[in-house]
Amino acid sequence: MFRNIKTYRPEALIESERFRSYVESFESELLRGISTISALAIIQRHPQEGVYGYQLLKELEQETQRTLVIEEGTLYPILRKLERDGLLISEKKESSGRPRKYYKLTEEGNKLYHHMMGFFSKLLEAIAPLMEIEIKLPEKKYVYCPNCANKIPQSEDIRFCNICGLNIEGLAK
Amino acid sequence: MSNQNESKELIEAFKEEVKKKLPIWLKTQVTELKDFLDELEDHIWDKATELAEGKEPDIVHVREAIKSMGTPRQIAKEFRTRGTPKFYITEELWPPYYKSLIFACVFILFVNMLTMGIKLAQPGAVVGSIVGQAFEGTFAGFAYAIVGITLVFVQLSYHGFLPEDFKKLTEVQDKKKEKTREKRKRTPRTRSVIPSTGSYLFEGIMGFVMGGVLGLYPFGDINFLAEHMPALPGWLKYVGLVMIVSGVIRFSQALIGKHVRLQQLFLSLGIIPMCFNLALLLQLHFNEYIIRKGFIYLFPTADVYTIIYALVIVFSILSVVGMLGEIRKIAQLELKGFEPKETKFEKLMNNH
């Protein structure tokens, strides 16, 4: 958040090395999980052709109005970890005269992505009053599993949560 | 130098710097490493091209693109976040750390005890000094092993090494191996790593009885033995003592039951009397007054020297095999353990 500011006024709290490092470490911890979810959200939008690193960052910047800024080089370790964990698969394809690595969600990755999204959304909804903000979840569009918070589209005729196996029949509105 | 070459050189230098900072486990995976560095390079060219508004990027654009990548340290740091912190060694690395320590300590004990056994068998050996040296060597070896292995694992934890990376290092791209592993997974674990409590109790009691009998030496009245085998009583007393010590160890093992660490400890201790046994066996060859003179008197035409020598060699080999067997049991206990005992709580939970 403070990355674009080169110098601070001397009386600014952030000028203190101690507080600046605290804030930076807090932000980096918070951003780690959020970056992963956000990257997955972008990848999920390209189920057929996949998305390559640079394209992913560009879309992320546009979607978040440059609020969620990831150090560009650090995106690739994240993608590789997701690939190693079986959430992503990659494929090398030629594009604009350059070989690029396109990432796509695996079947399991897609399921886990919905679970992570659901969990994060429910978490935001729960803590919203503490932060004096309002969060309205699209409950007409999705069912959130009461057990694991998995986000399930209302349009799909699913009887059991595909993450925790809970019977969700009757929860759809 | 042309603009293009200068840009390429700068990108190569950046890649080299990132590579230097990367954890060892990634450096060992050559294809993945190359793939990762190529991906970074593609990103830099994409960014530089965008900064150059679609034209051929020059060195200024490349420099700017590299800046936005983050520092090589930051990039490498993302790979080092693997593993759950637990003291200086990550939680994931504790089991291999323990195993390495145990194997190293058992190996050091084995080598020292074997050396002690052989030294003790030499004529004119000073028992106290040799035993002292063996224990000193063992403890010094333990200390070196603990410090060395700990340092290695601290370093591996710092680099974000995980147990699966060890496997990757040794993994051969052979489907047969994969199949064997699958088979092994399917095969139920054999749990009879060490003999039953009853067997240990029997061995313990036998050790006490036989050792006691030999220690008392009930053959004192036999004139032939006193005349032709004068060193035999002393030798038998030592054998008896070693049997009693082995019996105590076996008896303790029977009492310990299924406690992995204590069983491993006593299996290690069991190697000590085995080494003394080896020394006593070798004494049969080196000291002619134990049995050789007597047998030469009894069988003057036979090649007693060669027969005893051959028997000593055979039994010594069996003794060393026995020691290795104990080490194998320690290793198997570490790898397989005992069948976990279902607690009352688990039983109740499972019943419902």
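A: A residue counts as buried when its relative accessible area is under 20%, and as exposed when that area is over 50%. Please keep in mind that this is a predicted model.

Let's start with helix H5 of chain B, which spans residues 72–79. Its buried residues are B:Pro72, B:Ile75, B:Ala76, B:Glu78 and B:Phe79. Looking down the axis of H5(B), these fall within an arc of 145°, so they line one face of the helix. The face turned away from that buried side carries B:Arg73 and B:Lys77, which are exposed. What do the buried residues of H5(B) pack against? They meet elements of both chains: H1 and H3 of chain A, together with H1, H2 (24–27), H3 and H4 of chain B.

One of those partners, H1(B), is worth a visit. This helix covers residues 3–21, has 19 residues and reaches 27 Å from its first C-alpha to its last, close to the 27 Å expected at 1.5 Å a residue. Within H1(B), the residues B:Ser7, B:Ile11, B:Phe14, B:Lys15 and B:Val18 are buried. These cover an arc of only 100° around the axis, which puts them on the same side of H1(B). The general rule behind such a pattern is that an α-helix has 3.6 residues a turn, so residues three or four places apart point the same way. The cover over the buried residues of H1(B) includes H3 (30–51), H4 (59–69) and H5 (72–79) of chain B.

Now to chain A and its helix H1(A), residues 17–44. In general, two packed helices are described by the angle between their axes and the distance between the axes. H1(A) and H2(A) pack at an angle of about 105°, with their axes 10 Å apart, and are therefore roughly perpendicular to each other. On the H1(A) side, A:Ser38, A:Ala39, A:Ile42 and A:Ile43 take part, and they meet A:Leu56, A:Glu59, A:Leu60 and A:Glu63 in H2(A).

H1(A) also meets H4(A), residues 107–127, where the axes come within 10 Å and cross at roughly 130°. That angle makes H1(A) oblique to H4(A), and the crossing is left-handed. Here A:Ile34, A:Thr36, A:Ile37, A:Leu40, A:Ala41 and A:Gln44 in H1(A) meet A:Asn110, A:Tyr113, A:His114, A:Met116, A:Met117 and A:Phe120 in H4(A).

Finally, the loops. A:Glu72 lies between H2 (53–63) and H3 (75–84) of chain A. Is A:Glu72 buried or exposed? With a relative accessible area of 8%, A:Glu72 is buried. Leaving aside its neighbours within four places in sequence, A:Glu72 is in contact with A:Leu57 and A:Glu61, and also with B:His43, B:Lys47, B:Ser68 and B:Met69.

A:Arg66 is found in the loop between H2 and H3 of chain A as well, but at 54% relative accessibility A:Arg66 counts as exposed. A:Arg66 has a positive phi of about 60° although it is not a glycine. At 74% relative accessibility, A:Glu132 counts as exposed.

Conventions: Residues numbered from 1 in each chain as written. Chains lettered and ligands numbered in written order. Predicted model: local features only at pLDDT ≥ 70, side-chain atom pairs only at ≥ 80, totals over all residues. Heavy atoms only, no water. Helix = DSSP H or I, 4+ residues; strand = E, 2+ residues; numbered from the N terminus. Expected span 1.5 Å × (residues − 1). Buried < 20%, exposed > 50% of the residue type's maximum accessible area, 1.4 Å probe, protein only. Arc of directions from axis to C-beta. Contact = heavy atoms within 4.5 Å. Axes fitted to C-alpha atoms, helices over the stretch in contact; angles between N-to-C directions. Parallel < 35°, antiparallel > 145°, perpendicular 65-115°, else oblique. Left-handed = near helix turned anticlockwise from the far one by under 90°.
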